[in-house]
Amino acid sequence: MDETFFYLTFIFILGSVGGWILELFFRKIVHKKWINPGFLSGPYLPIYGLGLITLYLVAIIDFNIETYLFELSIKIILVGSLMTLIEYIAGKVFIKFMGIKLWDYSKNYGNIDGVICPLFSFLWTMVGIIYLIFFHSLLISAISLISTNIYYPFVVGI
């Protein structure tokens, strides 16, 4: 149980910092200037940490399906649905309880409350596919690498 907590914490930190970097460059490309993403002090976005944990958990599910492509298809549908759900819940929570709208898709086709839209659901699904096919094994390798001394990266992360 202790190791699982540390693994998930490591994944959360990795996802939060990686998401911040992704958002930073996305905003530079889209808005043509450097914009510090998020609302927290520091280089992390917790929604991405939760997203990476979700991707990790979906990837390790074994559906006991003999056909790899069919199992991958189920995981892709699950990933797309869960990433959209995370974005929707987080967006609504921030609007309702904190009075801020961190992103606004209200000008995008098919948006729901300006918080989710088909375009970004598609993009998050593509990110999930890339993770499942290319990066999940790298994350497993990173976890294996730190598993010999899991407390060290945890303390460093704090």
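# Why these labels?

Reader: Why is Asp113 called partly exposed?

Author: Asp113 has 40% relative accessibility. Buried means under 20% relative accessible area, exposed over 50%, and partly exposed in between, with a 1.4 Å probe and protein chains only. Asp113 therefore counts as partly exposed.

Reader: What do these values rest on?

Author: The model is predicted: local features need pLDDT of at least 70, side-chain atom pairs count only at pLDDT 80 or more, and totals for chains, interfaces and linings use all residues. Residues are numbered from 1 along each chain as its sequence is written, and side-chain values use heavy atoms, with hydrogens and water left out.

Reader: Is Lys32 called buried or exposed, and why?

Author: Lys32 has 64% relative accessibility, so Lys32 counts as exposed.

Reader: How do you know that Asp113 and Lys92 form a salt bridge?

Author: The closest N and O atoms of Asp113 and Lys92 are 3.1 Å apart. A salt bridge needs a side-chain nitrogen of Lys or Arg within 4 Å of a carboxyl oxygen of Asp or Glu, so the pair qualifies. This pair links distant parts of the chain, 21 residues apart, with Asp113 in the loop between H3 and H4 and Lys92 in helix H3. Lys92, at 31% relative accessibility, counts as partly exposed.

Reader: Which other pairs qualify, and how many salt bridges are there?

Author: The structure holds four salt bridges. Among them is Lys75 with Glu71, the closest N and O atoms being 3.5 Å apart. Another is Lys101 with Asp104, also at 3.5 Å, N to O. Lys101 has 42% relative accessibility and thus counts as partly exposed, and Asp104, at 46%, is partly exposed.

Reader: What makes Lys75 and Glu71 about one helical turn apart?

Author: Lys75 and Glu71 are four residues apart in helix H3 (residues 68–98), which puts about one helical turn between them. An α-helix has 3.6 residues a turn, so residues three or four places apart point the same way. Both Lys75 and Glu71 are buried.

Reader: Why is H2 called roughly perpendicular to H4?

Author: Helix H2 (residues 46–60) and helix H4 (residues 118–146) pack at about 80°, with axes 9 Å apart. Angles under 35 degrees count as roughly parallel, over 145 as roughly antiparallel, 65 to 115 as roughly perpendicular and the rest as oblique. The pair is therefore roughly perpendicular.

Reader: How do you know where H4 bends?

Author: H4 bends by about 60° at Phe135. The bend at a residue is the angle between axes fitted to the seven residues ending there and the seven starting there. Phe135 has 44% relative accessibility, so Phe135 counts as partly exposed. Buried residues of H4 include Phe120, Trp124, Leu132 and His136.

Conventions: Axes are lines fitted to C-alpha atoms, for helices over the stretch in contact, and angles run from 0 to 180 degrees between N-to-C directions. Helices (H or I, at least four residues) and strands (E, at least two) are DSSP runs, numbered from the N terminus.
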